[in-house]
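Please consult the sequence and the structure alongside the text.

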Amino acid sequence: MSTTIATTPSGRAFISDNMAGASPQIARAVADAAAGQVLPYGNDPYSERARRRLSEIFERDVDVFPVSTGSAANGLGLAALTPPWGSVLAHPDSHIHHDECGAPEFFTDGAKLVGVPGADSKIAPEALRTAVRRRAGDVHSVQPSAVSISQATESGSIYTLDEIRALSAVAKDAGLRVHMDGARFANALVHLGTTPAEMSWKAGVDVLSFGATKNGAMTADAIVSFDPALATELAFRAKRAGQLTSKMRFQTAQIDAYLADGLWLENARQANAMATRLGDGLKAIPDTGLLAVPQANILFCRLPQYVTEGLLAEGYAFYHDRWEPGTVRFVTAFSHSAEDIDQLLDAVRRHTR
């Protein structure tokens, strides 16, 4: 009895950047790590190199906790910042609100997620000023404890450095800590043309969920803490959550290769450039409409139903009608080529009446 596994050709896969495979450099690094014997639980040369590289790119010593998923990074990072009677202030569109099946609440032992509105899926500073003071000190209410921002956001928008600094200042003034969901940290970084330090701890971020899986790695993300006081708690929480892997070298070899020679930035630039190319092409096609100019590698647009159906019939994979009827999301990856984008645009044109 044979089993057929459905796959989508790489040039037609636009559901998410986690549909892409791995960069060859990262695949080779994992193969290299499979040889020989090293100590377990992160006491190996690969893990030490990954920690060193992360400290170098962030321009300071950081504590690094490799994890297998971004959900684990977010949940554990927030748990170190938020007591069970606390609340995490985040935008209603955030990934921790919609796509993590209660993981932040689970890891924090019951802390509440509280939505704070703002345009373009970004928290508005004036709304945050109200939220950080709401029922503070009232024993009958959860207490505002942490602010979580997504960089880039779920709609593909990007916080500017000034916006991050402004939100961090509001949080710190009220005694709250700041977490950044950086599942697409590299995509935001290259768009802003800044440094990892400027977009994180120098802007007030205490804990970062550092994403690599969506940008060329296999199963490797990391919690990066800029506060040494959190190291012990994060270490115990990671172990308790089953994230202290015995063969950690297979994760940290990926992170090491990801950061080596600027691969992570090169991959992010390619993914972003393909979203820009797609957006530019769609603007010239009748009956299509961009909801916003893509800043990272996420593009939302409106397509007639018959165009959507035609693309799906050709084997294209993307989210549609998940938000509003006629709204489509395309996510480009480091592995997409200009030819892939042009073929998608040709398909849209063919199906446009």
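This is a predicted model: local features need pLDDT of at least 70, side-chain atom pairs count only at pLDDT 80 or more; totals for chains, interfaces and linings use all residues.

An α-helix has 3.6 residues a turn, so residues three or four places apart point the same way.

Arg52 is partly exposed, with a relative accessible area of 42%. Glu48 is likewise partly exposed, at 39%. Side chains of opposite charge can pair when their charged atoms come close.

The structure holds 21 salt bridges. One of them joins Glu198 to Arg165, with 3.7 Å between the closest N and O atoms. Glu198 lies in the loop between H8 and strand E6 (207-210), whereas Arg165 lies in helix H7, so the pair ties together parts that are 33 residues apart in sequence. Glu198 has a relative accessibility of 25% and counts as partly exposed; Arg165 is partly exposed as well, with a relative accessible area of 34%. Both residues also take part in a network of salt bridges that links Glu59, Asp162, Arg165, Glu198 and Lys202.

A further salt bridge is formed by the side chains of Lys172 and Asp206, at 3.5 Å from N to O. This pair, too, links distant parts of the chain: Lys172 is in helix H7 and Asp206 is in the loop between H8 and E6, 34 residues apart. Lys172 is partly exposed at 37% relative accessibility, whereas Asp206 is buried, with a relative accessible area of 10%.

## Helix H7 and its surroundings

Helix H7 spans residues 161-173 and has 13 residues. The distance from its first C-alpha to its last is 18 Å, close to the 18 Å expected at 1.5 Å a residue. After the helix comes Gly175, whose phi is positive, near 85°.

Which residues of H7 are buried? They are Leu161, Ile164, Leu167, Ser168, Val170 and Ala171.

## Strand E4 and its parallel partners

Strand E4 is mostly covered, as eight of its eight residues are buried. Strand E2 (residues 86-90) is joined to E4 by five bridges, and the two strands run parallel. Within this pairing, Leu89 has Val147 of E4 as its bridge partner.

E4 is also joined to E5 by five bridges, again in the parallel sense. Ser148 stands opposite His179 in E5. The chain crosses from E4 through H7 to E5, and this β-α-β crossover is right-handed.

## An open antiparallel sheet

Four strands form an open sheet in the order E8-E9-E11-E10, with antiparallel pairing. Strand E8 (289-290) and strand E10 (319-320) are the edge strands, each of which pairs on one side only. Strands of a sheet pair through backbone hydrogen bonds, either parallel or antiparallel.

Across the sheet, E8 and E9 are joined by two bridges and run antiparallel, and Leu290 stands opposite Cys301 in E9. E9 pairs with E11 over five bridges, in the antiparallel sense; here Leu299 stands opposite Phe330 in E11. Two bridges join E10 to strand E11 (residues 327-331), and these strands run antiparallel. In E11, Val328 is the bridge partner of His320.

Why is E9 described as largely enclosed by the rest of the structure? Four of the five residues of E9 are buried, so the strand is largely enclosed. Buried here means under 20% relative accessible area.

Key:
Residues are numbered from 1 along each chain as its sequence is written. Side-chain values use heavy atoms; hydrogens and water are left out. Two strands pair if DSSP finds at least two bridges between them. The expected span of a helix is 1.5 Å times one less than its number of residues. Buried means under 20% relative accessible area, exposed over 50%, partly exposed in between (1.4 Å probe, protein chains only). A crossover is right-handed if, with the strands pointing away from the viewer, the path from the first strand over the helix to the second runs clockwise. A salt bridge is a side-chain nitrogen of Lys or Arg within 4 Å of a carboxyl oxygen of Asp or Glu.
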